[in-house]
Amino acid sequence: MGARLGGKVAIITGAAKGLGAADARLFAAEGARVVLADVDTDAGQALAEELGPAARFVQHDVTDEAAWQRLVAECERIEGRLDVLVNNAGVARLSTPETVTQDAYHTVLSVSLDGVVWGCKHALPAMRRVGGGSIVNVASIAAARGEPNHAPYSAAKGGVDAYTRTVAFYCQQIGLPVRCNAVLPAGIYTPMIVGLPDVSDRGSGLVRGIAASANPRGLPKDVAQAVLFLASDEARWISGQSLVIDRGSSAGRGTIPAEPLALG
């Protein structure tokens with residue numbers, strides 16, 4: 001396709017499927033060498049084989065800070081540098097503010113928020129060593145509006161969105177040329193959405209709505225295009241921003257019925 005990321009090395013978490021896999025395919029097509037980080041070994045290795053020499057898979061638990069240290073060190077040792085980090089890994093658990101459990105809350109925050117914190121912490125020194133870089137954090141529309149059935153997920157993604165601005169301003173304040181931005185998708189057709197139960201009171205779930213609609217929901221590649229732009233030098237003057245990717249659905253939230261689930 002091109003070389004918008006030519007010569008760059010990227011780590012993508014949650015890369016084995018869904019949004020992460022779409023990012024990896026597009027990054028590789030645009031000239032990057034991609035480290036696919038995921039707990040799903042079978043799917044991750046299969047994707048690495050599909051992408052060929054441009055990619056390799058590393059089994060990685062984003063909740064483990066020591067694992068982040070090893071991942072970044074291995075990336076630098078083998079690839080020689082780290083230019084881009086996409087903090088994409090995340091999980092969701094159905095629960096309202098009244099039904100949320102300690103286990104669900106801690107699981108979702110550990111993967112979806114702690115993973116971002118540790119990833120940024122250990123990517124920044126590596127990016128400093130090569131003169132700069134770009135971090136793209138995958139948040140969700142749940143960071144910007146209420147998702148009553150996804151209380152811990154909303155808390156985690158709100159944290160990701162806020163932490164993105166914190167990292168961006170920190171880098172600007174100390175003169176470190178690393179940009180940090182967030183994408184906030186909504187209603188993207190991914191394995192995570194497919195795996196969620198139907199909580200609609202209208203008798204038709206989100207997944208069926210995606211499949212049957214004449215105006216279907218977004219696809220992972222729609223998010224990947226935005227992630228690619230933010231990772232590339234084309235976005236060199238953009239940092240600390242939150243890019244909503246929902247085809248305008250959140251703009252009309254107050255005038256049209258809300259979907260029972262609209263996560264990204």
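Which strands does helix α8 (residues 220-231) lie across?

1. A word on the model: it is predicted, so local features need pLDDT of at least 70 and side-chain atom pairs count only at pLDDT 80 or more, while totals for chains, interfaces and linings use all residues. Residues are numbered from 1 along each chain as its sequence is written, and side-chain values use heavy atoms, leaving out hydrogens and water.

2. Seven strands make an open, parallel sheet in the order β3-β2-β1-β4-β5-β6-β7. Strands (E, at least two residues) and helices (H or I, at least four) are DSSP runs numbered from the N terminus, and two strands pair if DSSP finds at least two bridges between them. Because β3 (55-59) and β7 (242-245) each have a single partner strand, one side of each has no neighbour in the sheet.

3. Now for helix α8: it lies across β4 (84-87), β5 (133-138), β6 and β7, at about 165° to β6. Such angles run from 0 to 180 degrees between N-to-C directions, with axes fitted to C-alpha atoms, for helices over the stretch in contact (heavy atoms within 4.5 Å).

4. Strand β4 is worth a look. Three bridges join β4 to β1 (residues 9-13), and four join β4 to β5. Val84 pairs with Ser134 of β5. Val84 and Val86 point one way from β4, Leu85 and Asn87 the other, and all are buried (under 20% relative accessible area, 1.4 Å probe, protein chains only).

Notes: Buried < 20%, exposed > 50% of the residue type's maximum accessible area, 1.4 Å probe, protein only.
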